[in-house]
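Open the structure in your viewer and keep the selection panel at hand. The stops below say what to select and what is there.

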Amino acid sequence: MDVVGDGGPGGLPSCLWGKFSARLGLAYPLLFHLLDTAVVAGELWDRMLSPAQRVVIARGLGLGEKAARAVVMLAAGLHDLGKASRFQACEPGAWALVSERFKRDAGPWRVMRHERASMHVGLHVLASWGYRVEGNDSPAVRIAQVLGGHHGRFLQLDVRGAAGWGRVQNELGGPFWQETRLRYAWQVRRLTGAREVPSRVSVEAAVLLEGLVQLADRLVSQPHVWMPRAMAPRGGALDHWMAARSPSPAAPDGWAAQVVTEAGLESVQLPARPFTEIHAGVRTPSVVQSSVVERLPGRVMQDGAGILVVGDGTGTGKSAVAWEAANIFNRHTGTRGCTLLQPTTAIADAAYDAMVSMVSAHRPNRAPVALVHSHPWLSAAYLDARLARADRQVTVDEYCDGDHDGDVGSGGVEQSGRPERKVTVPAAFLAGFDRALLAPFVVATVDQALMAVLHTRHAALRMLALSGRTVIIDEAHAHSAYMRGLLCRLVHWLAATGSSVIVLSATLRNQDARRLVHAYLTGAGHSPAELAGRDWSVPYPGWLFVPARRPVPLRMSDRERQLHSAATRRTFRVRPVPVAYPAGAMEPGDGLREMTARLLRCVEQDGGCAVVSEATVEEAQATYQYIKSALRWQDARREVVLLHARLPGHQREALIRRLRTELGPRGPRPHRLVVVTTSLLDMSLDLDADVMVSHLAVMETLLQRAGRLWRFEQRWEQGTRPRPRPPWAHVPLLHVLTPVHEQTLVVPGSWGRADEDYLLRATAAHLDALAALTGPSNSFEGAPAAWAGTSGQINLPDHVPALLDAVHAAPAPGAGAPRYDAAGHAAHLARQQHLAELARTQLIPAPLRTGSLADLTRRHVHAGQEPTRETLPPARLLPCYRQSTGDLTLDPAGRVPLPYGSALRPPQVRSILERTVPVPWEWVAQGHPPPVPDGWRTHPLLADLVLLSAQMPEALPVRFGTHLLSMDAELGLIHCTDPAS
């Protein structure tokens, strides 16, 4: 075999195709595709990977970084070697271009997916180069599995069975095919310089290597990337390789470097800027912020990456602490970029704007910021051009797997939306949900990250995106026991792959914080026995940092904590309001709504801003209507606002933006406003209310809601107040409505199981105890008469840890109150344990417990099917209206027809998506809605929509089994059940 001669013109057959456009009849040689993928993988190593990621891969291969880079390029260059098989015949037009010698030598070959063929062939090629072939963890087996996993799933490799040399000879073509594959492989090895053989391949290194192979393949498979090269004159392998790396007038850094740069995948290190310049409106850092900025760098420089847990009250600047800590980690530990994980899409949208502001304040040349969640099309961050490409950049591999258009891709799509010159706007390639995680700076819902530790297709690409950077988990308290189990496994993998982790919360219990710290440290390689008995408690308010290398904790000092508590202390009153509730009632009656209206009479008379938090959407709709009719408003539609999750997306997002503006720190603050909502405003939204009325909720939720009370009072004392508080607002007050029957707390059946009965009862008992200690709430002058009674006083942040511990602690024997029962507590703990065990059944194994890489993708599920939460994901309902002509429209008046066709323009797609409403799947499972238009069936964002087709002009509710659904322009989606059914 003349490897050098094979690199010259005509040295290797180029009739085998790697890419083909049936529309244009254009084929691209397989050899060139392999070389393109290899050289782009090298550029990704140089330009995208953080130093921390390179260390993980090199250490996991037992090689130096230069040799590890060559192995990465080699694996990328061999990923499609299995296409030199019967795969060539899957496109008749391309098969016609293959030489007769190959056709004559086909033999009794077998139909086999080309990724499996790549794995089987690659195993023997690697073995011939000295790669060890033994068990599941041997280098040849694991890198062969990387070749077979480039479509997103690791495959099981049967070394002595299906992958045996005899089977490969019999099933993948005759001697000429075998010789050609071997010559291709040798040429890739020669050009990549991968001479050194890895002594081992760790699971972490294999996962990151797999992510790089997938990413390089996606980049070079974009039609606008390979098609021009397919039309260029063909030389030999060496000429093609050099052309990909050499500078040219069109690509000064080389073609491969330009591909990576245009995709927006380059690593970014933000230039340093003063704290007050980055965080607008902060004149002086708080004690917690100063403590982290002054004390953390020394420890990080000494011990490297680690986990930082910050516990502090709401509205005290935890986000600024996290941002400064992320910059410290990135400067001193080799990590690059930042991913901020939020519990909900509404919070992520608000956090996205804040991250764009902070990134822009560093004045970088280019620093893309991506927003990643289930419906980012409602955000201004989601350009129409990105919408046009969302999850539709398929590779030719995917084209051969299913009914995809192989010519779909970027290029030629009109740009609109935010101007492209904005340095934080992501490139078009970062449009898909998994690809968007690769942007240097990301705001995402936590579900997008949790899919990296579930059996998701392309989970390795998500892990590549999350590793080697700083990951911030905000609102860490807002997750169920199930999601906390998933989070612990995610944190474990992040530690193993070189990331630093920051955890933020105002109400995270110490035991949950300790679990996250323990998960991180075991992921960093420390045994549970080594960590047993250590104190990982987090001071509140304050912070805890534990390095991965040397798990000796560093904490905020007691003196700093006391100074911060004194500087940020806020006192509010919480007033339990018992409301008579009929025995056996399933739905809250008018008593709760009547009490709400009485408590808000002062807003009607003297103005002010109030928030009413209801347990369910149905109750929020009923309370909204009751308040509007019971009180006299000058402009009811403007002064009373209904906000919940079942409003059409564009209507809901417009309301959230309005509230963030009017009730934000700068105003303009309205004279009179009542917001009736569910839980959308509980966390992270920077809002200030004069008074709040809430249904009974668990203590964590009530404390979060209290964080919106007089949120900017201290800030306004130092500056200009948008509008004085109303005369009745002397203290921040939270009214908590507790339904009772004969002095016994009743939990309405309609409240569901979101808050367990036991925690609600324990919370109510503690609120009563606080009220008994503090005294009457009308002791301050000017309190409305409806507010008479007792209220408890809570100091933030001082009282938070004790309140949380008291509610969750086991009840003391003989506590007396019937709501404080040991049986209820035991049932609560059993449910928590059940959810934790359920999470374990869904997770991929930890790196040290992974034998075969196939263990990481045992279940064949896509991202939309993964159980990131213990409940089923919602269905997306599209309200539409059938006119008398039989046509479907998006509006009742019939002015906006339902868009049809297979080539919808981005504004048309947006007009559809922004009108969708999330609903539980069981509501629409039994119905027979009209099918979506044929052109929508292959669109990734429209195919799963359920049409709610109301017959005009009556627009009566539409029946789905026992569920009746209708859309109201003011109330949003109205749901009821038919008792007759």
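Select Ala272 to begin: this residue sits in the loop between α14 (255-262) and α15 (275-278). Helices here are DSSP runs of H or I with at least four residues, strands are runs of E with at least two, and both are numbered from the N terminus. Ala272 counts as exposed because its relative accessibility is 56%; exposed means over 50% relative accessible area, buried under 20%, and partly exposed in between, with a 1.4 Å probe and protein chains only.

The model is predicted, with local features needing pLDDT of at least 70 and side-chain atom pairs pLDDT 80 or more, while totals for chains, interfaces and linings use all residues. Residues are numbered from 1 along each chain as its sequence is written, and side-chain values use heavy atoms, without hydrogens and water.

Next, select Val40, Leu44, Leu215, Leu219 and Leu265, which touch the most other members of the largest nonpolar core, a set of 159 residues. Such a core consists of buried Ala, Val, Leu, Ile, Met, Phe, Trp, Tyr and Cys residues joined through side-chain atoms within 4.5 Å. Apart from it is another core of 49 residues, including Leu643 and Trp751.

Finally, show β23, β24 and β25, an open antiparallel sheet of three strands in that order. β23 (958-960) and β25 (972-977) are at the edges with a single partner strand each, so one side of each has no neighbour in the sheet. Strands pair if DSSP finds at least two bridges between them. On β24 (residues 963-968), which pairs with β25 over six bridges, select Ser966 to find Ile974 of β25 opposite.
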